[in-house]
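Hi,

Here is the structure we spoke about. My notes on it follow below.

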Amino acid sequence: MRRPPTTQEYVLDELRKSIVSGDLTPGQPIRQDSIAAGMGVSRVPLREALKTLEAEGQVVYQPHRGYSVAELSLADLLEVYRMRELLESEAAKVAAERLTDADLTRITDAGQDVEKAAEDGDLVAMISANRRFHFALLEPAGMPRLLRVVRTLWDATDAYRAVYYNSGTNRARVRREHEAIIAAAEDRRADDLIRLLAEHRDHAVDALRGTIGEQE
């Protein structure tokens, strides 16, 4: 397997794999000296990689204590995604009937941004573009109070989303599912749109069960 082009990217990739596999468990302190030695790198690229993971919400930094893996809860995730299912299904049903060509352009553009970020392995950009994609789908419903609640739910799960995107297989699945979602939106097929969005959420939850469920 070819290393990514820079040492920092190599370290970042290895840390993401360790979080997904459970080698680094939620709440575990990150011992920079031992990790750097194990990877055969200096602490400089390791610190830069940890800053990226902190921006993604996958690790947290505390003064005088250093970095540790973010605490994730499967129960919290399931509750949030159940709430999202109820609220987003209603918004998607209404939005499908109101989508304009301008709305579809916003959705497609955001989908392309997700693809580019996925190809680059830029999880921060992918999380941001993915959020734009989903809210471009829902905002045409014209339900601002409902969407304020949905945004709060999204804010609570960015760290989980980053863990899901750690996997190249999952990133590829997201891209395929987005293509199907765009096609349903273009045809204004509300029932298919609701179903595809539900499957999209379910696949994320199923994948995350193996990463965070076993740690509880």
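Helices α9 (residues 168–186) and α10 (residues 190–212) pack at about 170°, with axes 9 Å apart, so they are roughly antiparallel (over 145 degrees). Axes are lines fitted to C-alpha atoms over the stretch in contact, and angles run from 0 to 180 degrees between N-to-C directions. Helices are DSSP runs of H or I with at least four residues; strands are E runs of at least two. The contact (heavy atoms within 4.5 Å) includes Val-174, Ile-181 and Ala-184 of α9 and Leu-193, Leu-196 and Leu-197 of α10.

This is a predicted model: local features need pLDDT of at least 70, side-chain atom pairs need 80 or more, and totals for chains, interfaces and linings use all residues. Numbering starts from 1 along each chain as its sequence is written, and side-chain values use heavy atoms, without hydrogens or water.

Now the strands. β1 (residues 59–62) and β2 (residues 66–69) run antiparallel, joined by four bridges; pairing takes at least two DSSP bridges. Val-60 partners Ser-68, and Val-59 partners Val-69.

One side-chain item. Arg-84 lies over the face of Tyr-81, 4.7 Å from the ring centre (cut-offs: CZ of Arg or NZ of Lys within 6 Å of the centre and within 35 degrees of the ring normal).

Best wishes

Note on methods: Parallel < 35°, antiparallel > 145°, perpendicular 65-115°, else oblique.
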